[in-house]
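Hi everyone, thanks for making time this morning. I'd like to walk you through one model, so please have the sequence and the 3D view open as we go.

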Amino acid sequence: MSACLLGTRCNHEGGHSRRPAVEALAATHRLVPICPEVCGGLSTPRPAAERRGDRVVNAEGADVTDAYERGARAAVELARAVGASQAVLKARSPSCGSALVYDGTFSRTLRAGEGVTAAALRAVGIEVLSEDDLPA
Ligand code: SF4
């Protein structure tokens, strides 16, 4: 699970994206939270970042791809350690987005695509959903 969906204040503004529909999954599933960006070594708060091609850049112009890839590897290791078969990740994040991401222009323009962690989890066979895929 994206940790921010469970209320951890780990997003780039130091806030969370708590969703009751995500928390309700705890009744039937074992939920294991992770914030890939924090696990990749980024601070909270931190500059907004977006995917730009194969890279991730932040709003200050820095290439932060390495941190995103470290976080994705941590998420894959955790998923394997706990035997996860599914992940519910925050929509539209450059790490966690699973269908749409911002396009790297910092103009709030979405494009089809996935975050670095969502792609890494799918590459090892884990089903990735977002909070938008859950019942309201
Ligand atoms: S990296 Fe994922 S878990 Fe962390 S704040 Fe961003 S969307 Fe939430």
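Let's start with a pair of helices: α3 passes α4 in a right-handed crossing. Before I go further, please keep in mind that this is a predicted model.

So how do the two helices sit against each other? The axes of α3, residues 65-82, and α4, residues 116-123, come within 8 Å of each other and cross at roughly 40°. That angle makes α3 oblique to α4.

Which residues make the contact? From α3 you have Y68, E69, G71, A72, A75, V76 and A79, and they meet V116, T117, A120 and L121 of α4. Sorted by class, the residues of this contact are eight nonpolar, two polar and one charged.

Stay with α4 for a moment. Its buried residues are V116, T117, A118, A120 and L121. What covers them? The cover includes helices α2 and α3, along with the strands β2 (55-58), β3 (86-89) and β6 (127-130). If you follow the chain on past α4, you come to G125, which has a positive phi near 90°.

One more stop on α3, and that is R80, which is found in this helix. Is R80 buried or exposed? R80 is exposed, because 11 other C-beta atoms lie within 10 Å, and the cut-off for exposed is 12 or fewer. In sequence R80 is 41 residues from L121, and their C-alpha atoms are separated by 9.8 Å.

P36 sits in helix α2, which covers residues 36-39. Why does P36 count as buried? Because P36 has 32 C-beta neighbours inside 10 Å, and 20 or more is what a buried residue needs.

Leaving aside residues up to four places away in sequence, P36 touches G71, A72, A74, A75, S95, C96 and T117.

Next, a few backbone details to click on. The peptide bond from T44 to P45 is cis, with omega near -5°. You will find P45 in the loop between α2 and β1, the strand at 49-52.

Then go to the loop between β4 (100-102) and β5 (110-112), where F106 lies. F106 is not a glycine, yet it has a positive phi of about 55°. R108 is found in the loop between β4 and β5 as well, and its phi, near 60°, is again a positive value in a residue other than glycine. How buried or exposed are these two? F106 counts as partly exposed because it has 14 C-beta neighbours inside 10 Å, whereas R108, with 8 other C-beta atoms within 10 Å, is exposed.

A99 lies in the loop between β3 and β4 and counts as partly exposed, with 17 C-beta neighbours inside 10 Å. Not counting residues up to four places away in sequence, A99 touches E114 and S130. The C-alpha atoms of A99 and D132 are separated by 10 Å, and the two residues are 33 apart along the chain.

L134 is in the segment after β6. With 15 other C-beta atoms within 10 Å, L134 is partly exposed. Beyond residues up to four places away in sequence, what does L134 touch? The contacts are A21 and V22. For a sense of scale, take L134 and D54: they are 80 residues apart along the chain, and 29 Å separates their C-alpha atoms.

Conventions: Residues are numbered from 1 along each chain as its sequence is written. This is a predicted model: local features need pLDDT of at least 70, side-chain atom pairs count only at pLDDT 80 or more; totals for chains, interfaces and linings use all residues. Helices (H or I, at least four residues) and strands (E, at least two) are DSSP runs, numbered from the N terminus. Two residues are in contact if their C-beta atoms, placed from the backbone, lie within 7 Å. Axes are lines fitted to C-alpha atoms, for helices over the stretch in contact, and angles run from 0 to 180 degrees between N-to-C directions. Angles under 35 degrees count as roughly parallel, over 145 as roughly antiparallel, 65 to 115 as roughly perpendicular and the rest as oblique. A crossing is left-handed if the near helix is turned anticlockwise from the far one by less than a right angle, and right-handed if clockwise. Ala, Val, Leu, Ile, Met, Phe, Trp, Tyr, Cys and Pro count as nonpolar, Asp, Glu, Lys and Arg as charged, and the others, Gly among them, as polar.
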